[in-house]
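User: I am new to this structure and want to learn how to read it. Can you take me through some features, one by one?

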Amino acid sequence: MIIAVTGTPGVGKTTVSKLLAERLGYEYVNLRDYAVERGIGEMKGDELEVEVDELAYNFERDFKGKNVVADGHLSHFLNADLVIVLRANPKLIAERLKERGYSREKLGENVEAELVDVILVEALEENENVIEVDTTGKTPEEVVEEILDLIRKGVKKRVGIVDWSKVYDEVLPYLRL
Ligand SMILES: Nc1ncnc2c1ncn2[C@@H]1O[C@H](COP(=O)(O)OP(=O)(O)OP(=O)(O)O)[C@@H](O)[C@H]1O
């Protein structure tokens with residue numbers, strides 16, 4: 001089974017994916033590293049620009065039929081059996097990205113994306129099987145337990161569990177208005 005773990009930068013994809021892969025005994029694949037290794041995409045400044053079709057095509061060829069947890073904000077474009085969209089209060093995203101030294105512009109862009117469900121909407125356009133998990137106030141272990149529990153129960157779709165419009169006022173200072 002191919003499980004894609006996606007979400008806004010800083011939401012905790014890498015932390016959760018590694019732990020999830022370990023618990024399931026699946027291979028962990030970081031999509032950015034995979035793209036670099038395969039020579040997919042082009043560096044634009046310090047960002048890797050990837051053609052999603054090319055990424056999905058290569059990934060399918062290399063991993064079809066294998067048990068893999070694919071980690072990356074483009075993972076929902078893969079032909080995955082299940083897409084996990086991690087969510088976090090946009091204020092948390094802002095704090096984490098600020099700590100990483102992101103520019104105001106990049107920080108604002110990502111906080112806005114989390115606020116208005118950009119990745120969730122994209123994932124739902126690409127895949128039937130989308131599970132949203134709110135990581136806010138949970139440890140990575142708790143998040144992984146929640147995912148494992150949903151998989152065990154055979155849940156294939158669970159969306160619409162967060163509404164960040166409630167925290168709009170709190171994140172207003174970070175937005176590029
Ligand atoms: N419940 C949680 N789940 C995942 N990460 C969490 C959680 N709580 C706190 N964190 C922390 O949030 C940070 C998330 O970083 P991580 O690199 O995993 O995010 P990411 O989504 O993979 O980011 P990027 O897309 O930029 O690589 C880590 O420092 C992690 O310890």
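## Reading the model step by step

Analyst: Start with one residue. Arg152 counts as exposed, because its relative accessibility is 56% and the cut-off for exposed is over 50%. Keep in mind that this is a predicted model.

User: Where is Arg152 placed, and which residues is Arg152 in contact with?

Analyst: Arg152 is in helix α7, which covers residues 140-152. Leaving aside neighbours within four places in sequence, Arg152 is in contact with Arg23 and Glu145. Sequence distance is another thing to read. Arg152 and Glu114 are 38 residues apart along the chain, and their C-alpha atoms are separated by 28 Å.

User: Which residue shows the buried case, and what is its relative accessibility?

Analyst: Ser17. Its relative accessibility is 0%, so Ser17 counts as buried; the cut-off is under 20%. Ser17 lies in helix α1, residues 13-24. Not counting residues up to four places away in sequence, Ser17 touches Val5, Tyr28, Val69 and Asp71.

User: Is Asp62 buried or exposed?

Analyst: Asp62 counts as buried, because its relative accessibility is 18%. Asp62 lies in helix α3, residues 52-63. Tyr34 and Arg38 touch Asp62, not counting residues up to four places away in sequence.

User: What about Val36, in helix α2?

Analyst: Val36 is partly exposed, because its relative accessible area is 48%. Helix α2 covers residues 31-38. Val36 and Leu48 are twelve residues apart along the chain, and their C-alpha atoms are separated by 8.4 Å.

User: How do I read the sides of a helix?

Analyst: General idea: an α-helix has 3.6 residues a turn, so residues three or four places apart point the same way. Now the case here. In helix α4, residues 90-99, the buried residues are Pro90, Ile93, Ala94 and Leu97. They sit on the same side of α4, because they cover an arc of only 100° around the axis.

User: What do the buried residues of α4 pack against?

Analyst: They pack against α5 (104-115) and α8 (168-171).

User: Which residue caps the N-terminal end of α4, and what follows α4?

Analyst: Asn89 is the cap at the N-terminal end. One of its side-chain oxygens lies 2.9 Å from the backbone nitrogen of Lys91. α4 is followed by Gly101, which has a positive phi near 80°.

User: Which residues come nearest to the ligand?

Analyst: There are 17 residues around the ligand, and Lys13, Thr14, Thr15, Arg100 and Lys138 come nearest. Then read the polar distances. An N or O atom in the side chain of Lys13 is 2.7 Å from a ligand oxygen. A polar backbone atom of Gly12 is 2.9 Å from an oxygen atom of the ligand. For Gly10, a backbone N or O atom lies 3.1 Å from a ligand oxygen.

User: How much of the ligand does the protein bury?

Analyst: The ligand taken alone exposes 640 Å², and the protein buries 70% of that.

User: Now step back. How many helices and strands does the protein chain have, and what are its spans?

Analyst: The protein chain has eight helices and seven strands. Its C-alpha trace spans about 45 × 40 × 25 Å along the principal axes. Next, the radius of gyration. A compact globule of 177 residues would have one near 16 Å, and the protein chain agrees because its value is 16 Å.

User: What do the chain totals say about burial, surface and contacts?

Analyst: Of the 177 residues, 46% count as buried. The accessible surface comes to about 9,400 Å², and 48% of it belongs to carbon and sulfur atoms. Among contacts between residues at least 6 apart in sequence, 76% join residues at least 24 apart.

Note on methods. Residues numbered from 1 in each chain as written. Heavy atoms only, no water. Buried < 20%, exposed > 50% of the residue type's maximum accessible area, 1.4 Å probe, protein only. Helix = DSSP H or I, 4+ residues; strand = E, 2+ residues; numbered from the N terminus. Arc of directions from axis to C-beta. Contact = heavy atoms within 4.5 Å. Polar contact = N/O pair within 3.5 Å; in protein donor to acceptor, adjacent residues only side chain to side chain. Rg over C-alpha atoms; globule rule 2.2 N^0.38 Å. Areas by Shrake-Rupley, 256 points an atom, 1.4 Å probe, with all protein chains shown as cover. Near = heavy atom within 4 Å.
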